[in-house]
There are 2 protein chains.
Amino acid sequence: MLTNSIIDEVNRREAALRVIKSILQTKGRKGFYDLTGLAGGFPILSEDKALLETYAGPAVFDDAIQTVGKIHLGGDKVLALNRTSSGILASVLAIVKPGDEVAHYLPKSPAHPSIPRSAELVGASYIEFDKIEEFKVEDNTSLVFITGSTMDHEIITQEDFRRVIEICKAKNIPVAVDDASGARLRTIVYRQPRAIDMGADIAITSTDKLMDGPRGGLMSGKGEIMQLVKSKAHQFGLEAQAPLVAAMVRALENLSPEKILMAFSAKHELKEALNNQFSMVKETPTGIMLTPEAIEFELRQIETETDLESDDLAYLFAMILLRDHGIITIPAVGMPGASAAIRIDLAANDAERIGSKEIAEAFKKTFTK
Amino acid sequence: MLTNSIIDEVNRREAALRVIKSILQTKGRKGFYDLTGLAGGFPILSEDKALLETYAGPAVFDDAIQTVGKIHLGGDKVLALNRTSSGILASVLAIVKPGDEVAHYLPKSPAHPSIPRSAELVGASYIEFDKIEEFKVEDNTSLVFITGSTMDHEIITQEDFRRVIEICKAKNIPVAVDDASGARLRTIVYRQPRAIDMGADIAITSTDKLMDGPRGGLMSGKGEIMQLVKSKAHQFGLEAQAPLVAAMVRALENLSPEKILMAFSAKHELKEALNNQFSMVKETPTGIMLTPEAIEFELRQIETETDLESDDLAYLFAMILLRDHGIITIPAVGMPGASAAIRIDLAANDAERIGSKEIAEAFKKTFTK
């Protein structure tokens with residue numbers, strides 16, 4: 001496999017960033033289309049900038065994030081984190097002890113690596129379930145994670161969500177919801193309640209996913225548990241710094257359900273444009289997806305020989321899409337452990353600047369490269 | 001003790017931030033004086049703001065931070081981190097295994113808590129030394145930290161620094177230098193070489209200490225080891241996000257040794273103004289300091305009865321200094337584990353707005369409160 005270690009993945013990401021930089025220098029910002037749905041943004045106001053000092057900034061923005069954060073997620077106490085992965089780590093550090101078990105229910109395996117990794121770090125065992133009838137907790141289960149929406153945007157059903165909560169409540173086990181994209185997808189597109197309103201103790205979301213905030217994590221939950229998580233976060237440097245908090249506040253103020261709902265309807269057109277060439281394109285809530293297996297299958301259809309494994313084919317596809325067409329997808333630029341699926345998110349800002357036909361054309365050319 | 005747990009320390013910090021916010025609302029930014037030397041700043045340019053998106057920002061600023069970071073710290077490869085504590089954790093995660101020993105040499109105990117905590121987290125033992133003749137490594141020592149300048153600005157001597165490096169090199173043990181304030185204090189005030197130039201494998205500094213950058217950590221070092229640290233940082237969400245990296249780049253471009261050197265000479269005047277009232281004021285490289293023990297001693301001198309322990313007296317002193325005089329010091333706003341010493345840093349931006357006499361007067365009134 002090309003990507004046989006985490007360090008290779010770091011190198012791959014750096015290669016992609018070099019391509020983006022060279023596009024920026026030759027064609028400017030309009031030279032690429034960030035269709036990851038993770039483009040984020042940094043919408044601070046000019047008056048915010050002056051306040052962004054270490055001790056004055058937090059005083060103002062810590063209060064503001066409490067207000068807008070509770071509107072978005074519910075809960076008693078909000079904590080802004082450097083990333084969603086940092087928040088996962090902080091909650092595991094706060095709640096889980098060596099020898100405990102961390103259980104995880106998600107609509108479809110595999111999990112985002114931050115959850116098993118954090119469990120491993122504190123010396124806890126880790127088990128994950130994607131079939132609700134198999135989900136169970138043990139006597140030493142001290143924390144249960146629910147993933148609201150996976151990296152590939154598979155969504156948990158409300159029934160499964162409530163069932164996991166019920167099982168945990170019966171044994172007094174705290175439930176943390178990784179609602180990275182789910183806090184928007186589940187509620188806006190699928191009209192589910194917020195995680196905390198369904199009984200979760202804490203919920204965390206990524207402020208750059210399906211909203212124009214900075215890369216970062218926003219957590220809310222019950223007062224007592226949040227105080228423990230906050231303390232661990234500050235001890236290990238996991239909390240978001242003032243500039244990120246300020247941008248999260250502004251992004252939450254600007255949050256637009258309309259754009260997400262428009263992408264939800266626009267995806268059919270893109271799927272049709274692609275279906276002329278590719279039979280295995282899947283719909284996601286706000287776009288389309290080609291899995292590594294689908295890419296391998298399509299290549300076999302056009303009788304292209306390759307020794308590469310499917311994940312490496314997906315990385316290669318993503319790199320050509322970026323280099324030749326300026327289209328940024330997650331396999332090219334994602335962090336270690338990110339999904340290798342080629343996902344086009346029409347809720348991304350840049351989706352307004354590129355049509356379904358152009359995207360389909362770029363996919364076609366990339367395949368025959 | 002008032003502050004008998006980390007959660008109390010979090011509450012104390014929040015109380016101080018509420019006071020700062022109320023000063024901001026009634027008197028504006030000029031209503032307080034941040035003399036912590038940690039005020040930091042967020043000096044991004046207006047053209048930077050547009051680039052601050054998740055994937056475009058890193059492409060530009062990751063390259064720029066390599067250039068300016070290497071000028072400041074030396075080394076082959078630079079990594080920007082969310083905080084210096086995040087960088088300490090990332091290096092321990094990358095290098096240390098359960099059962100290993102982490103040794104730490106610093107000019108004066110106690111250590112910043114991030115080092116022993118990170119060792120404990122991975123299941124390593126931890127030992128610290130502040131007498132060079134006692135420093136030693138064991139067969140299972142896998143990482144040695146040197147603190148260049150303590151939280152209270154005690155500075156390591158160049159001889160002791162080189163001796164620790166020598167002992168470690170003989171046994172092939174990597175050395176990481178926590179040069180949070182030291183990367184400026186040691187080099188600019190005491191004319192010592194950069195940590196990496198004296199043989200350290202990695203060095204990390206705080207971009208808000210004695211420079212006008214954001215709260216954050218800047219690390220540099222040997223290529224291979226830095227790649228491992230970077231990979232761990234990305235896995236657990238410890239790296240600095242693009243807005244912080246951009247502000248670090250600009251702050252390093254603006255770095256002014258002159259301001260630090262001016263504070264170095266101005267401190268004598270402040271010490272004299274305070275010495276009329278307090279006999280136990282100590283000089284630091286860029287200001288003065290009253291330790292908790294000194295505060296207790298001074299209270300006894302004026303025959304004030306108290307049941308409080310010395311650290312709590314220092315917290316109380318810092319809170320009154322903030323509430324009545326708008327002077328921010330670390331015990332009021334510091335993170336859990338920060339030093340309880342009342343330190344006035346004349347290299348802080350706000351020091352230009354307040355004279356030695358005013359500070360001395362505020363100290364006097366706070367004591368007789």
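**From surface to core**

About 14000 Å² of chain A is accessible surface, and 50% of this belongs to carbon and sulfur atoms, with areas taken from the Shrake-Rupley method with a 1.4 Å probe. This is a predicted model, in which local features need pLDDT of at least 70, side-chain atom pairs count only at pLDDT 80 or more, and totals for chains, interfaces and linings use all residues. Residues are numbered from 1 along each chain as its sequence is written, chains are lettered from A and ligands numbered from 1 in the order in which they are written, and side-chain values use heavy atoms, with hydrogens and water left out.

Along its principal axes, the C-alpha trace of chain A spans about 55 × 50 × 40 Å. Of the 369 residues in chain A, 63% are buried, that is, under 20% relative accessible area (1.4 Å probe, protein chains only).

The interior holds nonpolar cores, each a set of buried Ala, Val, Leu, Ile, Met, Phe, Trp, Tyr and Cys residues joined through side-chain atoms within 4.5 Å. The largest has 93 residues, and those with the most contacts inside it include A:Ile65, A:Phe363 and B:Ile65. Leaving aside residues up to four places away in sequence, B:Ile65 touches B:Lys70, B:Val78, B:Leu218, B:Val245, B:Met248, B:Val249 and B:Leu252.

Key
Buried < 20%, exposed > 50% of the residue type's maximum accessible area, 1.4 Å probe, protein only. Contact = heavy atoms within 4.5 Å.
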